[in-house]
Amino acid sequence: MVSTTSDEGSSSHPPITIIKRQRADAPLAQNKFLKKTARGKVLQSIRQTLHYYPQHLSSSSHNLPQLVLLTDDKRNRELAQAEALTAVSARDYVDGLQGEVRDKLVDLVVGGVDEMEPGERRSKRIYDDETLTAGVKSGRFLQGYFNANQYNYLEGTVRVAGMSKQVLLVGRQAMNRSVDGDMVVVELLPESEWKAPGDEVLDQDVALKDDDVEGDDVAVEEKTEKQEEMDVEEVTKKAKREVMPTGRVVGVTKRNWRAYVCHIDRSSLSEAALTSLSQQTVFATPVSPALPRIRLRTRQAPALLDQKILVTIDNWTVNSRYPDGHFVRALGQVGSKEAEQESLMLEYEVPYRPFGKAILNCLPKEGDDWKVPPKAPENLEWRDREDLRDLLVCSIDPPGCQDIDDALHARKLPNGNIEAGVHIADVSHFVHADNPMDSEAAARGTTVYLVDKRIDMLPALLGTNLCSLRPYVERLAFSVIWELTPEGKIVDVRFTKSLTDPLTESIRLLNSLAINLKAARIAAGALSLSSPELKIHLNSTESTAPIDVEQKEQLETNSLVEEFMLLANISVARRIQEAYPATAVLSSKALADSLDKCVDPKLPEFNTLVRIMATRCMLSAEYFGAGSVSKEAYGHYGLASDIYTHFTSPIRRYADVLVHRQLSAAINYTPLHPSLQSKQHVERMLNVVNKRHRLAQMAGRASVEFYVGLAVKSRTEDSDQKAVREEAFVIRTFRNGLSVFVSKLGLEGLITFQKDTHDFDPENYCINVPKPGGGTATIAVFDRVTVDISIEKDQNTQRHKVKMVLVDPVSSEGL
């Protein structure tokens, strides 16, 4: 940052500020390489700007302002001062201000700002960006996204393209200041040093509760570091399972730093500081357990103790155990509906802002009064569009559904076969490539469904009206129509733009076909992976407390619709891949082993659990361009299909909009937009879509968990019971605890044992716990247990946590 200052009272020159942030995606190179790196060239150009401006301004004024270079890079300050420039750190500059200006800026300054010289404490072998780039190209280094372990804060993994196993990172040194989601460069260790993942729960809130926020107590820090090293050594030594490729982070090529929802850690404030308004350094604990605590300096700490706040990371120096950041704003009281809703959307980066004027201007000017024009040659809506209004087309959706993407029809043909059709909302008729509405839809990627609200990808006029295939309303559609044998074998398929007038009647012919289609998929090796969803009954929009929680009933019509949507997606995938083998938008999901026979008719809860765990074993569904991977990677093994895409939900998924455009071009209805002819452009769009899809899923689950937690809390408050007792299944065992799943509530919880009085058997995934009267109880994965569930608030971090206590076969109290 370059800032100009003038003499007090002078108004001849307004303040000039030139901001050039340190590149967040730059590798953390040592200063001795500074001049050789791209970052060094950027910093040099900023210093040249400071030399240029006085010469430029001198031609118009004699009263020149003083230019000050604000930089948190120690070496850059030294170079600037050697060139006779004024250079200070942001912290020193703000500390030198007075009055209201200082008060406004002081909370925005990073706690620790100076870069440490190479070789100082905790510095790690870091390469300059040229070495990193060359190393990745040559195969010496690997590159991928860092994933923090939610159970063990001293462990993480990196998924590298082309590797069947993730790279394991063990210990703070190996993770080297990586934050969840960072793009990192990894150096593999020799195979003799590879380790197995840890089998013990290490909670940073517990392990680091006595850490010194100022970092001044060297003895305490060294003790903590030694304890961490011992924990890492002990956990990896005890782990006997299969080893993984193990490495260490040697560079960060792209930071994933953003604004994080946090709570002020009360334990980082002294008793005297609880009432002090002086600036102090405190820990902000993120809501996500995958993130490190953030150190920040603020005057508002006492007032923020019971608030959810937004904090950004600014810097993480090589000498620090924690990143430094600054307070952005308060979100509201912990537990309030408004604060919880906004914090959830911010945490999962849900774009909940209203649609802007430029976007709304892309909508039909008739608004809600828009209608399909009469069938006539001059009306472009009817160009090459089939009139299917004479067909019995039905939409099958739950009560209250407004964004209806699909409808179906079926009728017998004279030759004894059956014509069946899937009709999808023609969103691409209204959303044109490269206009503001399309850009916004691409950025949002998907509609996000929360318990108490829906954040739409498209404006409501389209999503719930003009595009929605509502009953008894003429709507534009994109149809896939098959000729099928009564057994469900495809004889022919065609694709057409159409006009439909959906009804609400059910069709028995569709159901009989769906049964045959599903039987054929299962026979081919497909898995039935869907698990019941929870339905949460809310008291009112004004209250956060839900009335009840229950599992949604799975109806036969759900399976009917699902089978035809799958068939449409597969048929469309084949067509667009034939037409555009390099850029066709496809989707895949990989699974290690088939579980189609893993069913217990007497235990529906067990069947639900197996399907949840099976989908966790699968790589998450990802969109990709057909030419970016080999054909072997096209397969969707959960569906037993060699190719797959998403065509059937364009109102709520942007990937489907892209597929509609490609199919429209493939049948010569419209030309293919240039953006869908470039592999690189398609991949960039799909990277955003994939990210938004993952975040939307996590936001939806977090919303359900929040309301289920409120329901549990409400049940305990309305009765004399301190906890809700439910049956659960064990889904994972650790050396010091169990992870269990309560299917009735959809809750997953952790039960930890503090005392070393039990035996862990990693080979058989079980743990032997002593019984009070003698003997032991063996608890293994998939065992059914009884737990007490309650919601407790951590007094330090202010986080509400689900607490589970084992009741049967043995109590975990006191262990």
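Visitor: What should α16 span at 1.5 Å a residue, and how far apart are its end C-alpha atoms?
Guide: The 13 residues of α16 should span 18 Å, and its end C-alpha atoms are 19 Å apart, which agrees. The expected span is 1.5 Å times one less than the number of residues. Helices here are DSSP runs of H or I with at least four residues, strands are E runs of at least two, and both are numbered from the N terminus.

Visitor: Where does this model come from?
Guide: The model is predicted, so local features need pLDDT of at least 70, side-chain atom pairs count only at pLDDT 80 or more, and totals for chains, interfaces and linings use all residues. Residues are numbered from 1 along each chain as its sequence is written, and side-chain values use heavy atoms, leaving out hydrogens and water.

Visitor: New topic: where is Arg-653?
Guide: Arg-653 is in the loop between β25 (622–625) and α16 (654–666). Arg-653 counts as buried, because its relative accessibility is 12%.

Visitor: Which residues does Arg-653 contact?
Guide: Leaving aside neighbours within four places in sequence, its contacts (heavy atoms within 4.5 Å) include Tyr-623, His-646 and Met-457.

Visitor: How many helices and strands does the protein have?
Guide: There are 17 helices and 33 strands. Of the protein's 815 residues, 51% count as buried.

Notes. Buried means under 20% relative accessible area, exposed over 50%, partly exposed in between (1.4 Å probe, protein chains only).
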